Amino acid sequence: MDNFPVVGQRIPKRDAPQKVTGSAIYIQDLKIPGMLYGKILYSKYPHARILAIDTSRAEQLPGVKAVITGYNIPPFKFGFFKDNPPLKSGKVLSMRDEVAAVAATSPEIAEEALEMIQVEYEELPGIFDPIQAMQEGAPILHEGLKSNVLKLPWRLICGDVDTAKKESHCIVEDTFSTQWVTHCCLGTSGCVASFDINNNLTMYSNTQIPYLAQRDYIDALNVFGIKNRKVRVIQCIIGGGFGSKLDTYAYEYIAILLALKTRKPVKVLFTREEEFIATSPRQSTITKISHGCTKEGKLLFREMEMILDNGAYTSWGATTPSVMMMPISSLYKVPNVKYIAKCVYTNNTYSQAMRGYGNPQATFAIESSLDQLAEKMGMDSYELRLINANEPGEITPQNFKVTSCGMKECIEEVAKRIDWKGKRGKDKGRGVGMASLIHVGGGARVYKSDGCGTIIKIDDYGKVDVFTGASEIGQGSETVIAQIVAEVLGVNVEDVNVINNDTDVCPWDVGVHASRTTFVAGNSALGAAKKIKEQILEIASKSIGEAPEHLDIQKGLIFSTKDKEKNTPLGKVLRNAHYSTGGKMLMAEYFYDPANENFDKDFKGNLSVSYAYGTHGVEVEVDRDTGRVTILKYIAAHDVGRAINPMMLEGQIYGGGLMGIGYALSENMNFREGRLMNPNFLDYKMLTAKDVPPVEPVIVETNDKDGPFGAKGIGEPGLVPTAPAIANAIYDAVGIRIKDLPITPEKILKALKEKEKRGQSGEEGK
Amino acid sequence: MRGYEYYKPGTIEEAIRLMTSLEDAQYIAGGTDVLVLLRQKKIKPGHIISLRNIKDLAFIAHHNGLHIGSGTTHAEIERNEIIRRNYSALHDATSNLGSVQIRNVATIGGNICNAAPSADTACPLLVLDAGVTIAGLEGERKIPVDEFFLGPGKTVLRKGDILKEFVMPLFGPTTGSSYIKHTRRQAMDLPIIGVATRITISIGKNGGELRCRDILCTIEDVSNLLARFEDEELRCEDIRIAMGVVAPIPMRAKEAEAALKGKIISEKLFEEIGEIAANEAAPRDSVRGEAWYRREMIKVLVKRSILRSIDRIIRPDDMVYPERLW
């Protein structure tokens with residue numbers, strides 16, 4: 001592949017100096033004159049009827065400017081199913097249900113006022129287990145519904161699984177389950193809602209979907225009786241998203257309602273406990289999976305049935321089966337596929353998007369089951385994976401058109417670097433395991449548009465402003481976009497400024513999700529940059545006296561490719577164009593919407609323009625006495641098309657890997673009867689810097705034909721195959737398979753003791 | 001968080017006078033426990049008396065044993081070379097507590113006065129035979145640390161009392177100690193259980209020289225190691241075992257101690273000691289760990305801690321311990 005001066009270089013993340021010196025302005029730092037502080041009162045019970053709310057004492061507290069409840073706000077519901085009112089009346093369905101809210105002149109007064117609100121409840125029997133929630137006679141959460149199962153017919157049928165079963169030489173079947181985990185954004189959620197004199201709304205927000213949120217707010221304002229107003233969304237610097245900010249939340253509507261009522265800007269800012277309790281995490285799942293293959297080890301079918309705990313309300317969590325379908329139908333070549341999923345209401349929290357969007361849950365079952373299949377076949381699971389690996393040019397059963405695909409290379413790189421042949425099945429107490437992934441790498445047509453707009457202008461001095469719809473949530477998109485534009489325009493990357501936080505200024509984008517920003521926003525920036533470059537060369541052609549096709553720009557100098565002596569600085573050309581008769585300002589806009597497809601009614605279609613692949617290999621040591629797992633080596637190979645910025649790419653791999661290791665070994669939202677028992681970093685075991693194992697990223701470049709400079713997405717893949725790779729390594733080390741995440745020392749020790757017992761009573765065991 | 005009056009007295013006497021004269025006052029040292037309780041609204045004091053300005057509380061002194069002022073931070077203890085060598089269990093505890101940031105402000109006195117069953121420094125102080133000096137309105141009194149804890153968050157301190165210092169005896173070169181904190185993470189964690197031991201040994205054979213010392217640098221199986229110890233008559237002359245998070249207060253495993261004291265170490269005896277200690281404990285199920293697992297870990301960690309203590313006697317100058325399971 002070609003080498004470029006800017007693209008492919010290890011350029012530090014441009015917002016890093018701001019963040020480490022403390023000068024970055026987060027929502028936490030934002031203050032607007034006259035601003036009030038909103039606080040929310042949550043339910044005391046996971047399922048109860050509200051009998052009475054008395055806010056009179058709170059209203060009388062000096063400094064309190066407004067108190068609202070579900071009984072004195074317009075009837076409005078938000079969310080994917082429009083089943084969630086910002087403040088509840090009648091019934092509460094979870095501990096995080098918002099019952100009342102206060103706006104006051106200080107957060108302390110607002111908090112004190114909350115304590116003065118008297119709510120009388122009649123406690124109702126709760127349902128916390130999705131399987132119980134499906135049983136007959138179970139209390140129905142949402143009035144007017146006949147069942148707790150959501151009306152979402154997730155069902156994917158490819159080929160003929162029943163026939164394939166009969167033809168299979170070897171079949172394995174098992175059940176796997178995963179836990180609730182949360183994003184742990186270091187910047188907690190928050191917003192400031194502010195109305196101008198004409199009732200136009202400005203929302204300062206942490207959202208990762210400014211333009212979809214804008215629409216949600218407009219819908220809300222319409223219900224609140226303020227029609228045809230303008231909504232502007234401004235993002236402060238965002239301290240992490242990971243999918244948590246992919247939907248709008250009750251607190252945002254509460255801020256809007258309080259601002260409307262008080263005619264003052266109102267800020268709602270979550271505490272860490274609220275961040276744990278009242279944002280929407282990755283749901284728990286129970287998956288029954290079965291795999292079958294031929295004598296040679298070629299996969300014949302994959303059958304999966306899944307139950308997802310939706311929680312009390314419906315957000316994007318309920319749609320994660322659509323993304324789970326991707327690994328289920330298309331991770332390795334498997335001709336016959338059947339997948340059925342049910343999302344079930346419970347009185348737990350409610351689920352949302354989180355990095356990987358269902359893919360980690362599905363891949364845990366798939367890749368664990370594949371190791372079981374290999375064992376039953378007497379095959380090396382590495383060989384089984386190679387035999388079935390995806391390849392370029394393939395069309396998968398779900399009609400994904402695979403363009404670039406480096407899966408085999410990833411598997412081989414991992415095997416080589418982890419010393420698979422030397423270590424697999426050898427050392428007692430130590431073991432190696434691997435697992436692969438597929439993810440969307442070229443956008444994902446989840447909505448009607450998967451587009452992103454870019455505007456570029458260049459000032460009189462050759463400095464470039466790029467207005468992009470793509471949000472920066474810490475992942476580094478503004479650095480990548482600046483690199484792409486600098487590369488095309490032949491300017492220094494420092495001369496490219498990226499503006500990406502204001503819906504009044506920037507063009508539309510669907511949001512930061514589906515690992516799409518480098519690919520989609522990158523292509524959009526690429527398109528705009530090419531357009532403006534054409535204009536520049538056109539103008540320069542006159543002053544330099546050379547045809548535009550023989551001109552190029554490097555380091556801010558326009559020159560003839562035939563005679564480098566013929567050149568002019570970019571700024572000079574721009575100034576001349578500006579200050580000549582009939583003057584010209586250089587600007588260009590470009591809207592890129594990838595040629596991917598929405599699923600049809602059978603959930604088939606080419607969801608993404610290209611797909612990302614990867615394989616993780618792990619070496620673990622298991623302490624047989626304590627059940628503790630130590631990761632000795634971690635290889636993460638990813639097919640990324642091309643690394644626009646290898647340093648930031650590695651950052652995504654480290655971060656994803658560590659999040660995945662937490663998912664595999666330690667993180668768990670511990671719900672007891674709907675109450676979160678560990679809403680803090682002490683008891684929610686997100687891993688620390690000291691827990692980071694030696695992660696070795698391996699970048700496999702396949703130069704995707706549709707990607708900007710060949711790049712594909714990498715935002716999510718880093719955590720997708722982590723848990724099964726670790727589970728497989730543990731099995732190799734001590735012969736026990738933990739099928740229920742997280743793999744805690746307790747579970748391992750228990751399984752080891754049971755295995756020992758079985759061994760003594762003469763039954764089989766590895 | 002409601003408002004409170006903040007005081008910063010310069011002497012112990014002044015602090016005690018303030019505390020006894022105010023209604024709802026709270027002492028604060030490093031603040032790493034008190035501020036959490038304040039935020040959780042578990043305490044709502046009207047007055048907070050900081051002890052950080054009292055110079056007499058922050059010191060490490062070596063005369064007739066070890067003296068540590070209650071206001072000494074974990075970081076200061078962690079960096080003390082004599083403590084690392086001769087009071088290793090305390091070094092283990094202070095170097096693994098919380099994070100660097102927490103250790104820089106959290107004090108050993110605060111860790112003990114907070115009286116959590118999981119307090120990291122409690123088990124080491126118990127096995128190091130620490131005494132505590134308490135200053136109160138009526139003067140000073142000294143008690144063994146064994147008698148300090150009454151229950152979770154409860155101590156013998158009366159209103160106004162300040163825990164002033166910890167005093168530990170001198171230990172000779174045939175004594176070693178260690179503390180093992182069993183956690184889910186490498187930092188920012190409380191122990192699922194914690195075990196500290198201190199052992200004094202003698203060698204029966206070969207004129208008191210341990211011939212098998214090099215085996216400690218290998219990854220030889222523990223049962224082989226213990227068999228070698230037994231062959232060379234490695235005898236436990238004195239022993240302390242303390243356990244945290246296994247009962248309402250950090251506690252000694254006195255029956256296990258009695259069963260080991262005076263005996264030659266063997267694998268069989270080690271198994272028994274683990275069982276006895278586990279039976280002395282009364283761990284409970286909690287969000288942080290299940291009782292059965294805690295009980296199992298006592299068996300494992302008591303053995304590992306004793307081995308680590310012995311290792312430190314035999315190879316006191318080895319800065320880096322091999323990557324062994326203990």
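Colleague: Let's start with A:N310. Where does A:N310 lie in chain A?

Modeller: In this predicted model, A:N310 belongs to strand 14 of chain A, which covers residues 299-311.

Colleague: And why is A:N310 called buried?

Modeller: Count the neighbours. A:N310 has 28 other C-beta atoms within 10 Å. The cut-off for buried is 20 or more, so A:N310 counts as buried.

Colleague: Which residues is A:N310 in contact with, leaving aside its neighbours within four places in sequence?

Modeller: A:L150, A:Q283, A:G317, A:A318, A:C343, A:V344, A:Y345, A:Y350 and A:S351. Take A:Y345 from that list. A:N310 and A:Y345 are 35 residues apart in sequence, yet their C-alpha atoms are 5.2 Å apart in space.

Colleague: Okay, now B:T174. Where is B:T174 found?

Modeller: B:T174 sits in the loop between strand 10 (162-168) and strand 11 (175-182) of chain B.

Colleague: Why is B:T174 called partly exposed?

Modeller: Here the count is 15 other C-beta atoms within 10 Å. Buried needs 20 or more and exposed needs 12 or fewer, with partly exposed in between. The count of 15 falls in that middle range, so B:T174 is partly exposed.

Colleague: What does B:T174 touch, not counting residues up to four places away in sequence?

Modeller: B:T200, B:I201, B:S202 and B:I313. The C-alpha atoms of B:T174 and B:S202 are separated by 7.1 Å, and these two residues are 28 apart along the chain.

Colleague: Back to chain A. What makes strand 1 of chain A largely enclosed by the rest of the structure?

Modeller: Strand 1 covers residues 36-42, and six of its seven residues are buried, so the strand is largely enclosed.

Colleague: How do you know that strand 1 of chain A and strand 12 of chain A pair?

Modeller: You look for bridges. Strands 1 and 12 of chain A share three bridges in the parallel sense, and a pair needs at least two, so they pass. Strand 12 covers residues 266-269.

Colleague: In which sense does strand 1 of chain A pair with strand 5 of chain A?

Modeller: Antiparallel, over six bridges, with strand 5 spanning residues 98-104. A:G38 has A:A103 in strand 5 of chain A as its bridge partner.

Colleague: What holds paired strands together in general?

Modeller: Strands of a sheet pair through backbone hydrogen bonds, either parallel or antiparallel.

Colleague: How many bridges join strand 2 of chain B to strand 3 of chain B?

Modeller: Four, and the two strands run parallel, with strand 3 covering residues 47-50. Pairing takes at least two bridges, so four is enough.

Colleague: Now the bigger divisions. Into which domains is chain B divided?

Modeller: Domain 1 (5-50), domain 2 (55-168) and domain 3 (175-314). The C-alpha centres of domains 1 and 2 of chain B lie 19 Å apart. Their contact takes 10 residues from domain 1 and 18 residues from domain 2 of chain B.

Colleague: Which domains does the assignment give for chain A?

Modeller: Domain 1 (31-124 + 189-269), domain 2 (285-444 + 600-760) and domain 3 (451-592) of chain A. The C-alpha centres of domains 1 and 3 of chain A are 41 Å apart. How do we know that these domains touch? Their contact takes 16 residues from domain 1 and 15 residues from domain 3 of chain A.

Colleague: And how many residues of chain A are in contact with chain B?

Modeller: There are 18 residues of chain A, touching 16 residues of chain B. On the chain A side, those residues divide into five nonpolar, five polar and eight charged.

Colleague: One last thing. Which residues touch the most other members of the largest nonpolar core?

Modeller: A:V485 and A:I730, in a core of 332 residues. Helix 15 of chain A (residues 517-544) gives the most to this core, with 12 residues.

Definitions and conventions: Residues numbered from 1 in each chain as written. Chains lettered and ligands numbered in written order. Predicted model: local features only at pLDDT ≥ 70, side-chain atom pairs only at ≥ 80, totals over all residues. Contact = placed C-beta atoms within 7 Å. Nonpolar A, V, L, I, M, F, W, Y, C, P; charged D, E, K, R; others polar. Domains from an automatic or database assignment. Core = buried A, V, L, I, M, F, W, Y, C linked by C-beta atoms within 7 Å.
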